[in-house]
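Hi everyone, thanks for coming.

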Amino acid sequence: MLFYGAIVFLPLLGSLIAGLGGYYGISTRVSEFVTCIFMVTVAALSWIAFFAIGFQGIKSLRIPIMQWVTSSDLTFNWAFRIDTLTAVMLVVVSTVSALVHIYSIGYMRHDSGCSRFFAYLSLFTFMMLMLVTANNLLQVFFGWEGVGFVSYLLIGFWYQRLSANRAAMKAFIINRIGDFSFLLGIFGIFMLFDSVDFDVLFLKVALGQTTQKLHFLNWDLDQQNALNIVCLLLFVGAMGKSAQFLLHTWLPDAMEGPTPVSALIHAATMVTAGVFMVARMSPIFEFALTACGVITFIGATTAFFAATVGLVQNDIKRVIAYSTCSQLGYMFVALGVGAYGASVFHLFTHAFFKALLFLGAGSVIHAVSGEQDMRRMGGLRKYVPMTYWMMIIGTLALTGVGIPGTLIGTSGFFSKDAIIESAFVGSNVASEYAFWLLVITAFLTSFYSWRLIFMVFHGKIRATADIMHHVCESPPVMLVPLLLLAAGALFIGIVFQPFFFGKAYHHFWNDALFTAVDNNIMEAIHHVPLWVEWLPFFLITIGFFMAFLFYILIPSIPERLSTTFSTIYKFLLNKWYFDELYNLLFVRTTFAIGNFFWKIGDGKIIDGFGPNGVAAWIIGITNKVVRMQTGYLYHYVFVMMIGITGLVTWMMIRSLN
Amino acid sequence: MTDKWPILSTLTFLPLFGALLILQIKGNSKKARYDIRNIAFLTTFFVFILSLIILADFNVELAGFQMEDKIDWFGNGISYHMGIDGISVLFVVLCAFLMPFCILASWETIKEQLKEYMIAFLILETMIIGVFCALNAFLFYVFFEGSLIPIFIIIGVWGGKGRVYASLKFFLYTLLGSLLMLIAIMAMYWQARTLDIPALLNHTFPPHMQTWLFLAFLASFAVKIPMWPVHTWLPDAHVEAPTAGSVILAGVLLKLGGYGLLRFSLPMFPLASAEFTPLIFVFSSVAILYASFVAFVQTDIKKLIAYSSIAHMGYVTMGIFSANMQGVEGAVFQMLSHGIISGALFLCVGVIYDRMHTREIVAFGGLVNNMPKYASVFLVCTIANIGLPGTSGFLGEFLTLIGVFRVKSWVAVIATTGVILSATYALYLCRRVIFGALDKEKLQDILDLSLREKFILYPMVVLIVFFGIYPSPILDVVRCTVEALVRNYHEIVLI
């Protein structure tokens, strides 16, 4: 209890100290120191937990903390669930977070809101840890929305910039669209299983004991369809958080935040929450075949789409952001075909090399005085040599360089090839589509990654002399985290590959991931044809040489291509026009509907016929009544006569009946 | 009359006693104003303490009414009968909790006729606590209508420029509802020969009569809640009301409607309730969508929050008529949580209104630069308003939604879109008021929260987070009462 409590709550404590302390005049150095020390401790503890759970076969734990809600048959409490999946996530989250904390000491040195920044970072880490240790869907949702909110704060960290505020809002609202669906998914789960507790859910679904049929909208769903619908709803939630196709538009804009934030939140941890959630719910998703088909389809589409957009972007952070989007697509493909181990492994390795790339990019941006446009960089290799090599390592890992059939390769090589192979052997409707798209994407990935390297570090110097005058390598406090991440990007693939999806799979996962009896994909990926193993290798090599050709040998090609195929180029440059489309469809309509309801609905109709109408009506009648009082006696007698006649007539008619 | 000390009556009339004390103070000297404020604050503070004592003394294991006082009045079932159950006790505490803050919020802002202002608030407190404690329909009616007069005066006298129009509109709407309710109460007496609420709860009204009684009561409660389409008085009333008036209006007065539905409509006219449930569901989901969209385009901060209140009350009506444990518990929780959250939000608006004397959104921007503490409080209230888990706003929405999902998934799906819409208008507001650069000339010297304002806002923020993480203090109190309510309902209405 104390051990895991420390892992989860130390960041919260650090956040409170830095945050409240910031108000009451604790110096920035103190808040930096406190949060960093706490995070390093948490990271160390997480690795201990990881080895204890994953390798010493300690059974998974449930640690109750506190009561939360009890409402008749609906109960959910604060509790930790510690198993291998949690342990993996603990390691990813706390390690990257600790390194980002340290890196930020250097990166944010000149920023006035430093205490606030560290408070947010630690708060984010706390929320993320709550998410991954959750033992029920509601606690997942707590962490889920919590990280979304802190992400909102961090994207808008430089609150004086309008663009940052806009991006923060956009991120939160699009995430909320996903959360809307996630909530409905939770309702559906509760209807089906009478519980939101993971243990109960997994037990019941395994025994086929869903309590009742689900009536959703106009459909009466049998068990199979109900599971499909519920899983789809949950998956849409994951799409929002993990920036999948259609709900992806917030991620590139989120790059408005400080770069360490992009590394921690928008690459390594928060955006992988969707992947984690589906993996966590694998015992249920395994039985929802249609939903899994959709997941594969969306994942593959995202991977391809984001890579195509990444080809032409000029902002260094946006290229990496699209790359993240694309890699998340890979993870979802693996989830969809049932290769959960491969997916989580890619999550694990991706966290290291993508954080490395982002922090490396941050180091570059730091060197060129905040410039992010790659067209104004170039030739930086000699000025920031360490950063250069770190970025090379990150790129090697991202593109998945390695020799097929051997155990030589960067971490991305193992995880990414495993996913491509799993798509090949996968048996759901979309797996063939996914396989080919992922293979093409591997080529695109290689091209845009090397394009980035060549544009930034090679070729002519395109920055102004003034900027070049200030160029210098980052301080050690920023480089050491890069080194550690680089070590991870190079070696964790080789070290952990047997456990995540190799020989020691069952011993390592210890039932934290569920695979149905007829799902033997984890076995099948070790027996794919030779050409499937080698195909990605050839494609990434071609990608490298094409980038070399385009950006080193004959730098005029890209420009000629962009004018020749200007339609395609613009289509890609404008990110398939999603922002424009959504702006037209949703943003403007919201204003229009709002104004219509307000001015017409409330103003003209309800008030017009309601209170204002009644008031006008009463005034009108009063005026008429006033006019009736003419003062002439014969008018009154006349009216009286009519009245009496009427009354008498009525009485006569009544007596006749 | 029992031998015990009539603690509920003491609680109810204590504010009135305070008002009498204030009445004795003559003049408008500095000393007099000082005394007036202190007496008002101390009275409401003692009421709050007393309400906590009552809560501590309350037996949560019992479903029925407790701490009853009963005196014969007009005989034949019209008696002075007070008592509380698991639902009403919490509303009493909520009202007693908010009142001292209202007095504090008016500390410096009310310049004219301070004495009358404070008296109006104290009478209002008596009336509201009376409504929640009344166990006789006649007494309920007296308090229910009585509460209108002080708030009507507060808006009409100490309000903004359009106060006459706003209070007239408010009056027209409530008049309609009240008259119908009065007729319904008379009809009930005619049929049941008593107006004692516990007796009425055991009385079964004939089905056709239930329909008419239900509609008559609904007319009154729907205006109070306010339910779409009788909501348009609320934005105007809020905009014109002084800060404390808005707080008490949004915090407690709106809850009279929801409370009425739980006290009368659902248990006394179950057949009619079941019959009209689809209608209520439609109105509730329309309210959530409609009010959220309208909130989005508002230019006045208070109006925006007022429309957001309408949307949030949609969850309440929806939850009540889902008539299951989660729905009803969620509705009660939502009302209490919204009482605190909307109260805090209106207080936040008051803070900047006091400084700038405007509520136009465009007049602000970049407040976080000069007012970091204010910005933090505003942000916490905002995220509670949009129902972020970990704040009390989430649990109310979640429970009502899950309650409705069990009955009609369609309604839940539509209502759940509220989570997207609320985020949209609330964050859009934050972006324009709190964030951005501080480039408006007039805002350059704006000051952060004063000690008095901190004392008002910080406890609310703490409670919002506390109940979001640990709602048991509320849920435990309402459980037995709601269980009995739902059980009785389903004995008559089979699903």
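Before we look at anything, one term: when I say helix, I mean a DSSP run of H or I that is at least four residues long, and helices are numbered from the N terminus. Also keep in mind that this is a predicted model.

With that, go to Val648 of chain A, which sits in helix H28, residues 633–656 of that chain. Is Val648(A) buried, exposed or partly exposed? Its relative accessibility is 40%. Buried means under 20% and exposed means over 50%, so at 40% Val648(A) counts as partly exposed.

Together with Met640(A), Ile644(A), Leu647(A), Trp650(A), Met651(A) and Met652(A), Val648(A) makes a nonpolar surface patch of about 760 Å². Here's a general point to keep in your head: an α-helix has 3.6 residues a turn, so residues three or four places apart point the same way.

Okay, still in chain A, but now strands. Strand S1, residues 61–71, pairs with S2(A) in the antiparallel sense, over eight bridges. If you want one to find on screen, take Pro64(A): its bridge partner in S2(A) is Ala79(A). The two strands form a hairpin with two residues between them, and there Ser72(A) takes a positive phi near 55°. How covered is strand S2(A), residues 74–82? Mostly: seven of its nine residues are buried.

Now over to chain B. This one has 21 helices and two strands. Along its principal axes, the C-alpha trace spans about 65 × 55 × 40 Å. For 495 residues, a compact globule would have a radius of gyration near 23 Å, and chain B comes out at 22 Å, so the two agree. Of those 495 residues, 68% are buried. And if you take the contacts in chain B with a separation of 6 or more, 81% of them come from residues 24 or more positions apart.

Last stop: helix H18 of chain B, residues 409–416, where six of the eight residues are buried. Those are Ser409(B), Val411(B), Ala412(B), Val413(B), Ala415(B) and Thr416(B). What covers them? From chain B, the cover includes helices H12, H13, H17 and H19, and from chain A it includes helix H6 and strand S3.

How values were computed: Residues are numbered from 1 along each chain as its sequence is written. Chains are lettered from A and ligands numbered from 1 in the order in which they are written. This is a predicted model: local features need pLDDT of at least 70, side-chain atom pairs count only at pLDDT 80 or more; totals for chains, interfaces and linings use all residues. Side-chain values use heavy atoms; hydrogens and water are left out. Buried means under 20% relative accessible area, exposed over 50%, partly exposed in between (1.4 Å probe, protein chains only). Two strands pair if DSSP finds at least two bridges between them. Patches are made of residues with over 30% relative accessible area and no salt bridge: like charges are joined within 9 Å, nonpolar side chains (Val, Leu, Ile, Met, Phe, Trp, Tyr) within 5 Å. Accessible areas come from the Shrake-Rupley method with a 1.4 Å probe; for residues, only the protein chains shown count as cover. A salt bridge is a side-chain nitrogen of Lys or Arg within 4 Å of a carboxyl oxygen of Asp or Glu. The radius of gyration is taken over C-alpha atoms; the globule rule is 2.2 Å times the number of residues to the power 0.38. Contact means heavy atoms within 4.5 Å.
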